[in-house]
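Please look through the sequence and the model before reading on. The briefing that follows goes through a few local features, one topic at a time.

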Amino acid sequence: MDGWQAPAGPSEPERTPLQKLASLEAIVAATGATITEGGSEAYYRPSADQIVMPDGWRFNRDGTRVADWYAVLFHELAHWTGHKSRLDRFTDGAVSRPEYALEELVADLASAFVCASTGIASEPRPDHARYLAGWLAAAKAEPKMLVKSASAATKAARYILEPESRSELSGRAPIVAAAIAA
């Protein structure tokens, strides 16, 4: 027996761009994150528990890069999941270079996981190359960094995509501190 095969029938209908956009907006809205738009930079500000995103038009050079805006937003939402009231991934005080590199890797992996789950195909950005050097240095200092980062990124992606799993995921999971101390 070769395994189960789906019976012949209609295939899942292709979603229109507006349907895809609506589903992405629903995911973002379900997080409850405070997101403001304006300027030219994307970042998460832990002290205000706020995400700042660049104006959307900055991503739309050829009229098709809406996906890149969402990839960056999901990266910032991944940082947002690290707040003490959510997955509590951040250490107290100043962040060292290895800790920063580790958190950036968590955010980039989580963004990639969310993008894959939502059907977003984004292009590599110049900041990925800058982060790579930091990730390599952190990996030399902590050989298990990639596995720990992927685990934290999986939790962050689930936190973003699955509101029902948040209470199960929440709590102290100091991936940044644990990876550096290990």
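In which loop is Asp49 found? In this predicted model, Asp49 sits in the loop between β2 (43-45) and β3 (50-53). The points below take up the backbone at this residue, and then turn to a helix, its aromatic rings and one of its leucines.

**Backbone angles in two loops**

- Most residues other than glycine have a negative phi, and most peptide bonds are trans.
- Asp49, in the loop between β2 and β3, has a phi near 50°, which is a positive value in a residue other than glycine.
- Asp88 likewise has a positive phi, of about 50°, although it is not a glycine, and this residue lies in the loop between α2 and α3 (97-118).
- Asp88 counts as buried because its relative accessibility is 16%, and the cut-off for a buried residue is under 20%.

**Helix α2 as a whole**

- Helix α2 covers residues 66-81, which makes 16 residues, and it reaches 23 Å from its first C-alpha to its last, close to the 22 Å expected at 1.5 Å a residue.
- Of the 16 residues of α2, 15 are buried, and the helix is therefore largely enclosed by the rest of the structure.

**Aromatic rings**

- The structure holds four aromatic pairs, and one of them is formed by Trp69 and Tyr70, whose ring centres are 5.1 Å apart and whose planes stand at 85° to each other, so that the pair counts as edge-to-face, the cut-off for this class being over 60 degrees.
- Trp69 has a relative accessibility of 12% and therefore counts as buried, and Tyr70, at 4%, counts as buried too.

**Leu77 and its contacts**

- Leu77 has its place in helix α2, and because its relative accessibility is 0%, this leucine counts as buried.
- Which residues is Leu77 in contact with, leaving aside its neighbours within four places in sequence? They are Val28, Thr31, Ala33, Ile51 and Ile160.
- Thr31, one of these contacts of Leu77, is 46 residues apart from Leu77 in sequence, while the two lie 8.5 Å apart in space, C-alpha to C-alpha.

Key
Residues are numbered from 1 along each chain as its sequence is written. This is a predicted model: local features need pLDDT of at least 70, side-chain atom pairs count only at pLDDT 80 or more; totals for chains, interfaces and linings use all residues. Side-chain values use heavy atoms; hydrogens and water are left out. Helices (H or I, at least four residues) and strands (E, at least two) are DSSP runs, numbered from the N terminus. The expected span of a helix is 1.5 Å times one less than its number of residues. Buried means under 20% relative accessible area, exposed over 50%, partly exposed in between (1.4 Å probe, protein chains only). Rings of Phe, Tyr and Trp (its six-membered ring) pair if their centres lie within 6.5 Å; planes under 30 degrees apart count as stacked, over 60 as edge-to-face and the rest as tilted. Contact means heavy atoms within 4.5 Å.
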